[in-house]
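Visitor: I would like to learn how to read the features of this fold. Please take me through them one at a time.

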Amino acid sequence: MTDLKDPFKEARQTGPIQMTKFNGEEIPLVLRLQDLRKTLKEWQSFSSDHPFKVVPHTEEKMRTIRQIPIEMDPPDHTEYRALVQPFFKRPNDPAYIKDMEQMIQSMVRMALSADQVEAVHEFALPLQCRALTRLLNVPETEADIWKEWGLHALTEGGGLEEYTAEQFTKAEKNPGGDFFSMLNRVEFRGRKLTFEEKQGIANVTFAGGKDTVINVVSSIIVYFAENGEALKILGESEKNINTACEEFVRYVSPLTAIARTCPHGAQVAGQDIPVGSRVGLCWPSANRDESVFDQADELVLDRTPNPHVGFGFGIHNCLGAPQARLIIRSLLKAVSEKVKAIELISAVPRMEEEESYIRQVGYNHALVKFN
Ligand code: HEM
């Protein structure tokens with residue numbers, strides 16, 4: 001973990017883009033922070049309105065519905081996003097924060113009382129699922145179903161679309177204050193959302209916040225196992241927790257790339273992008289841009305300022321960021337207050353392998369002992 005290698009370093013130092021193969025298609029990845037921000041601001045030239053293609057390797061075979069609002073441009077994107085935004089802001093509510101902190105503290109206490117814990121499947125996965133029940137305002141028992149889907153809602157799961165379809169039907173019969181009832185209720189341009197629209201919103205909500213959160217949580221646990229003194233530093237002030245949270249997101253950057261399509265052709269960092277072809281926004285590379293971040297390859301817990309783009313940038317910036325930040329901060333707080341040391345027994349990194357790069361995004365397995 002202390003040495004999470006940056007596979008884009010050499011390319012970034014040589015030039016602003018790297019041609020990268022995804023399923024046989026060559027996509028230029030934007031590597032530097034300023035270029036990435038500029039690209040994201042020009043959403044008319046770099047469009048998200050390309051269903052199944054915002055993930056570079058494409059998700060056509062993994063789902064049947066267009067994800068909303070991520071696979072859209074304004075004005076549609078703006079209006080759909082505004083419909084769901086109040087729900088995604090719930091993690092800013094003091095009562096919500098308290099409840100999340102207590103849940104995560106109880107998980108840390110349980111880990112302390114166990115002989116050993118497998119930090120991915122026995123800690124990060126249930127933590128992410130239990131946290132999501134709070135965001136969606138559904139009974140905590142639903143987490144037991146979601147855990148069975150594994151670490152990635154689309155690649156490992158199966159059953160996500162069937163599950164969400166059932167929930168909309170149930171909520172229709174018995175409406176409440178949950179996410180599914182809210183989507184049944186809200187109106188888009190004077191009409192109710194269609195089934196496909198509701199499914200598209202639910203799909204990205206489940207998929208976007210699963211492996212990303214799990215990978216950051218397991219990486220944090222392994223980091224503390226390897227850097228015991230960091231626990232003490234964290235405990236000293238709440239401010240340390242917030243800066244450390246941002247630094248973990250920058251350093252781990254669990255999402256490697258998201259694509260945009262150029263409907264009219266465009267230029268990225270001086271390179272022509274032909275009409276209809278795609279570019280990739282490489283978040284982890286931008287987050288290691290040495291012209292912006294001092295000691296870019298080091299995890300600096302008190303890094304300020306920290307203009308990372310781990311949660312994206314611009315109009316599509318992560319809707320789940322308040323939830324992810326609350327989870328990470330609550331974990332850092334609970335661990336720094338209650339745990340003296342974490343012992344690493346064994347770990348198997350989770351590697352993402354594409355034709356042109358291989359990078360660690362988290363862990364498949366990490367056996368630890370909390371002391
Ligand atoms: C550490 C955890 C997370 C990371 C690193 C992350 C990363 C990102 C990034 C980079 C984007 C921008 C995509 C783009 O520009 O096209 C994004 C968007 C999004 N994320 Fe997250 N995410 C995380 C957690 C979550 C969670 C917990 C949820 C929901 C429960 C979520 C839901 C979404 C949604 C719905 C969007 C689309 C927003 C839009 O198109 O306006 N994410 N995320």
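Guide: Start with one pair of residues. Leu-29 has Gly-280 as its bridge partner in S9. Keep in mind that this is a predicted model.

Visitor: What packs on the sheet there, and which strands are touched?

Guide: Helix H2, residues 33–41, packs on the sheet and touches S2, S6 and S9. The direction of H2 makes about 130 degrees with that of S9.

Visitor: How do strands of a sheet pair?

Guide: They pair through backbone hydrogen bonds, either parallel or antiparallel. Here, strand S2 (residues 25–30) and S9 run parallel and are joined by 2 bridges. Val-30 is bridged to Leu-281 of S9. Strand S6 (residues 257–261) runs antiparallel to S9, with 5 bridges between them. There, Ala-257 has Cys-282 as its bridge partner in S9.

Visitor: In what order do the strands of this open sheet come?

Guide: The order is S1-S2-S9-S6: 4 strands, with mixed pairing. S1 (17–22) and S6 are the edge strands, each pairing on one side only. On average, neighbouring strands are turned by 35 degrees against each other, ignoring direction.

Visitor: Which residues of S9 point one way, and which the other?

Guide: Arg-278, Gly-280 and Cys-282 point one way, while Val-279 and Leu-281 point the other. All of them are buried. Strand S9, residues 278–282, is thus mostly covered, with 5 of its 5 residues buried.

Visitor: Where is Pro-284 found?

Guide: Pro-284 lies in helix H14, residues 283–286.

Visitor: Is Pro-284 buried or exposed?

Guide: Pro-284 has 24, so it counts as buried. Set aside neighbours within four places in sequence, and its contacts are Asp-6, Phe-8, Ser-253, Thr-256 and Arg-359. For a distance, take Glu-238: it is 46 residues from Pro-284 in sequence and 26 Å away in space, C-alpha to C-alpha.

Visitor: What is the order of the other open sheet, the one with S10?

Guide: That sheet has 3 strands in the order S3-S11-S10, with antiparallel pairing. Strands S3 (117–118) and S10 (342–353) stand at the edges. Each has a single partner strand, so one side of each is left without a neighbour in the sheet. S10 is joined to S11 (residues 358–370) by 11 bridges, and the two run antiparallel. One of the pairs links Arg-350 to Gly-362 of S11.

Visitor: Now helix packing. At what angle do the axes of H11 and H13 cross?

Guide: The axes of H11 and H13 (residues 238–252) come within 10 Å and cross at roughly 105 degrees. Angles from 65 to 115 degrees count as roughly perpendicular, so H11 is roughly perpendicular to H13. H11 contributes Asn-215, Val-216, Ser-219 and Ile-220 to the contact. H13 contributes Phe-248, Val-249 and Val-252. By class, the contact has 5 nonpolar, 2 polar and no charged residues.

Visitor: Last, the ligand. Which residues come nearest?

Guide: Of the 27 residues around the ligand, the nearest are Gly-208, Gly-209, Gly-312, Cys-318 and Gly-320. Helices H10 (195–208), H11 (211–226) and H15 (321–338) each give two or more residues to this shell.

Visitor: How many residues of each class does the shell have?

Guide: The shell has 16 nonpolar, 10 polar and 1 charged residues.

Terms used:
Residues numbered from 1 in each chain as written. Predicted model: local features only at pLDDT ≥ 70, side-chain atom pairs only at ≥ 80, totals over all residues. Pairing = 2+ DSSP bridges. Near = placed C-beta within 6 Å. Nonpolar A, V, L, I, M, F, W, Y, C, P; charged D, E, K, R; others polar. Axes fitted to C-alpha atoms, helices over the stretch in contact; angles between N-to-C directions. Parallel < 35°, antiparallel > 145°, perpendicular 65-115°, else oblique. Contact = placed C-beta atoms within 7 Å. Buried ≥ 20, exposed ≤ 12 C-beta atoms within 10 Å, placed from the backbone.
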